[in-house]
Amino acid sequence: MDITQRLLLNAGVTRRVLVAFLRRELERFGFRKAVLNLSGGVDSSLSCFLTAEALGGENVLALLLPYRTSVPESAEHARQVIGLTGVSSKTIDITPMVEPYFEQFQQMSDVRRGNVMARMRMIVLYDHSVQWEGLPIGTSNKTELLLGYGTLFGDMASAVNPLGDLYKTQVRQMARAVGVPEAIIQKAPSADLWVGQTDEGELGFTYAEVDKLLYLLVDERYKPEEAIAAGFDPKFVETVVQRIRASQFKRMPPIVAKVSRRDVGHDFLYPRDWGT
Amino acid sequence: MLKLRVGLAQISPILGSVQENLQLHLERIEEAKEQQVQLLCFPELSLTGYVLKDLVPYVAMTATESAPAIAELLTASESMDLLFGFIEEDKRHRYYISAAYLSQGRIVHVHRKVYLPTYGMFEEERYLATGDRFRAFDTRFGRLGVLVCEDFWHISAPYALWMDGADVLLLISASPGRGLSPEAVLGSSRSVELINQMYATFLTDFVLHCNRVGVEDGLNFWGGSTIFGPDGRLVAQAPYFEESLLVAELDLGATRRVRMQLPLLRDERPDLLYTELRRMLRQSGVASREQ
């Protein structure tokens, strides 16, 4: 079986589902507008294209939130997306917001600093959500969600997420189909939280590789040993399985200690779209 | 020549609002009236929406005219026969996913969904009770059978209705779209179309499928309602993902002609099936006691 083939999608039908999803899930709560953080990477660019298509560019606010070490290319790519989609935009430098905190903790690791920056961006996103009267749109893809490769309450925070069921390689296919510039699709994915950071460097494997494995484990319900029999390196399989397990908490709301007969979380189970 | 003008109302109900959904039904009925529809079908849980969870008891009604929504639909059924979906509460406070067939101010038939999917994204058995019968019923258009969504993923359900005399199957669903591939159709749509076409072909019945559209809690419902003739051919199909009213005229005489060419119903051996199933069930009873 050629697993790469299984990850191919029909962009037309996928786009239709995602655009209708965005439109409906906002409209039902009385929102016609949306806001999102646009990094200039492929995920947020695709989210921006889809949201602009669903709501009209004039109803979408893209926030560019650079830090002093952010590569200038990111802002340039974000500006191209803004031009192509006709969305409104605002640039807010987060350096003066996060630096005072960093100064209090001189020995902060890259990961801690990166988390602070991701959460600062979330604060700006949610604050502008109120001001713009639009819901925050997510940009986390299925690969990131499964690997837990994101900051909880940071870049993982949103009200609705059109990309959460698309693997990274599928995000690239969709991005190409909707017209995201090729330079954005081709460049090495990076959270750009510290100089020289790349997703694939940090993870230790490529998205092309891991998407195939995740597809077998998650979508096709392969046992790890079956994935190994299908040709994946045992060490790689173990690493990925372990990552999925260790990050389960990131994919769930905080757990509630049950003491009453009916509690929020276990048995107070209403649909989110209740009455809409 | 016996003609039946049917309508499939591919709607997007409001989740948990019976009153608004009733209005939606009445609007579609008016629209169908203008097109001289004689039988109008709505999707599964058309009066309530699908992802109900703990809302189930709050949107439930008895399958009687004492339920205000049903009373209004009974009045509307003076002008055309109606099939719609709702949450039914029985006298002992059990809740079912039900479908009611109304005609000329009467409740002719109520089907309680038998197979409640409780796997993957589905959790119906957590909230609902299961129906316990498959029964065909007589109408002014002949003998019909109704199934709801997961019911018709079980080959025995349409078969049972066929054996009970149904020449037209009315299948209603709230089928969530899923399964990406390079094909321009979602995997779930492809499968449902395939099985409905298969039923039409194997049973030499008309098979009507009314699916809903819209989005609830991240699930998309794909529409694409279909009508297959007793020769297995597609008569008409509604668009994917969009609200619509599909109207088609069925030539019910086609059933006779197809069955002359292909007498599958005449040659069917339900008695043989019954004997064999009885044997298998007896043996599996023995086998499970021995384990």
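Helix H5 of chain B is followed by B:Gly165, whose phi is positive, near 105°. Helices (H or I, at least four residues) and strands (E, at least two) are DSSP runs, numbered from the N terminus. The model is a predicted one, in which local features need pLDDT of at least 70 and side-chain atom pairs count only at pLDDT 80 or more, while totals for chains, interfaces and linings use all residues. Residues are numbered from 1 along each chain as its sequence is written, and chains are lettered from A and ligands numbered from 1 in the order in which they are written. The scores are ipTM 0.91 and pTM 0.94. For chain B, pLDDT (the predictor's confidence in each residue, from 0 to 100) averages 96, and 98% of the residues score at least 70.

H5(B) itself spans residues 156-163, and its buried residues are B:Ala157, B:Pro158, B:Ala160, B:Leu161 and B:Trp162. Here a residue is buried if 20 or more other C-beta atoms, placed from the backbone, lie within 10 Å of its own, exposed if 12 or fewer, and partly exposed in between. Their cover includes strand S7 (142-148), S8 and H6 of chain B. Helix H6 (residues 187-203) in turn lies across strand S8 (168-173), S9 and S12 of chain B, running at about 155° to S9(B). Such angles run from 0 to 180 degrees between N-to-C directions, with axes fitted as lines to C-alpha atoms, for helices over the stretch in contact.

These strands belong to an open sheet of 6 strands in chain B, ordered S6-S7-S8-S9-S12-S13, with mixed pairing. Two strands pair if DSSP finds at least two bridges between them. Strand S6 (137-139) and strand S13 (234-237) of chain B are the edges, each pairing on one side only. From one strand to the next, the twist averages 20°. Within this sheet, S9 (residues 206-211) and S12 (residues 226-228) of chain B run antiparallel and are joined by 3 bridges; B:His209 has B:Thr226 as its bridge partner in S12(B).

Strand S3 (residues 81-89) runs antiparallel to S4(B), with 8 bridges joining them, and B:Phe84 is partnered by B:Ala100. The hairpin leaves 5 residues between these strands, and B:His93 takes a positive phi near 65°. S4(B) is also joined by 6 bridges to strand S5 (residues 106-112) of chain B, again antiparallel, and B:Tyr101 meets B:His109 as its bridge partner. Strand S4 (residues 95-103) of chain B is mostly covered, with 8 of its 9 residues buried.

Where do the two chains meet? The contact takes 24 residues from chain B and 21 residues from chain A, two residues being in contact if their C-beta atoms, placed from the backbone, lie within 7 Å. On the side of chain B that touches chain A, strand S10 (residues 213-216) of chain B gives the most, with 3 residues. That side divides into 12 nonpolar, 7 polar and 5 charged residues; Ala, Val, Leu, Ile, Met, Phe, Trp, Tyr, Cys and Pro count as nonpolar, Asp, Glu, Lys and Arg as charged, and the others, Gly among them, as polar.
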